[in-house]
Amino acid sequence: MLAKQYEITLPADYDLDVIRRRIKAGAPLLDDRPGLGFKAWLIRERGTDGSPVNQYAPLYVWRSDGEAARFLVGGGGFENIVRDFGRPTVRHWTVLAHFSGPARTAAPEPGTATRRLTTVPAGPDPLALAAHVGQEVEQLRELARDPGVHTAVLALDPSGWELLRFVLRSDEPADVPSADPTADPATTLFRLPHLSAPELSAFPEGRVW
């Protein structure tokens with residue numbers, strides 16, 4: 001499985017209702033997209049939830065690398081982003097673990113998401129990487145038991161040895177752990193107007209290896 005995200009930072013006076021309308025129009029095209037586990041249609045609004053910027057920053061987790069490639073370069077949809085906003089940098093991570101949370105079946109659709117980016121510590125022990133990732137997986141497993149958690153994913157970008165912890169939640173920012181960026185600068189809080197999740201239910205539970 002492959003996670004990817006692009007961030008489009010918008011002017012301070014940008015009307016984010018334009019993005020909300022874009023999401024409303026585009027979501028049905030991905031709600032049943034083959035090979036897509038989920039797309040979180042993420043936004044940040046300047047002055048809301050502590051965000052310093054207006055931003056459209058969707059995050060995808062693909063089950064099929066081929067479908068991810070078709071979306072990105074095969075005329076499968078990314079050309080619309082390039083047309084309207086220019087070509088953004090697209091970050092990629094290999095998914096290491098996935099956990100479903102209680103809110104997936106017991107609460108409304110998720111309305112917020114948190115993204116935590118951290119660097120894997122370097123060291124002389126060749127087994128240190130496995131130990132560190134193992135600890136992160138267990139922390140994510142514990143976090144996924146929180147009643148507000150819908151879905152939790154851990155992924156790795158080995159080009160910079162960066163771990164992504166991405167959590168979809170049904171609760172509000174005041175209740176979200178580490179929602180305050182001053183408390184945890186590694187964590188970014190997003191609003192989630194819509195979740196397209198055509199193949200989320202097919203994700204393996206726990207570690208993927």
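## Asp49

Asp49 is partly exposed, its relative accessible area being 28%. That value falls in the partly exposed class because buried means under 20% and exposed means over 50%. The model described here is predicted.

Asp49 sits in the loop that links β3 (36–44) with β4 (54–56). Although Asp49 is a residue other than glycine, its phi is positive, near 55 degrees.

## Trp161

A positive phi is also found at Trp161, which is not a glycine; the value is about 50 degrees. Trp161 belongs to the loop between β8 and β9. These two strands form a hairpin with four residues between them. With a relative accessible area of 39%, Trp161 is partly exposed.

## Burial of strand β9

Strand β9 covers residues 162–169, and eight of its eight residues are buried, so the strand is largely enclosed by the rest of the structure.

The side chains of β9 are divided between two directions. Glu162, Leu164, Phe166 and Leu168 point one way, while Leu163, Arg165, Val167 and Arg169 point the other way. All of these residues are buried, the charged residues Glu162, Arg165 and Arg169 included.

## Pairing of strand β9

Strand β9 pairs with β7 (residues 112–119) in the antiparallel sense, over eight bridges. Within this pairing, Leu164 of β9 is the bridge partner of Leu117.

Strand β8 (residues 149–157) also runs antiparallel to β9 and is joined to it by eight bridges. Here Leu154 stands opposite Arg165 of β9. Leu164 and Arg165 point opposite ways from the strand, and both are buried.

How values were computed
Residues are numbered from 1 along each chain as its sequence is written. This is a predicted model: local features need pLDDT of at least 70, side-chain atom pairs count only at pLDDT 80 or more; totals for chains, interfaces and linings use all residues. Side-chain values use heavy atoms; hydrogens and water are left out. Buried means under 20% relative accessible area, exposed over 50%, partly exposed in between (1.4 Å probe, protein chains only). Two strands pair if DSSP finds at least two bridges between them.
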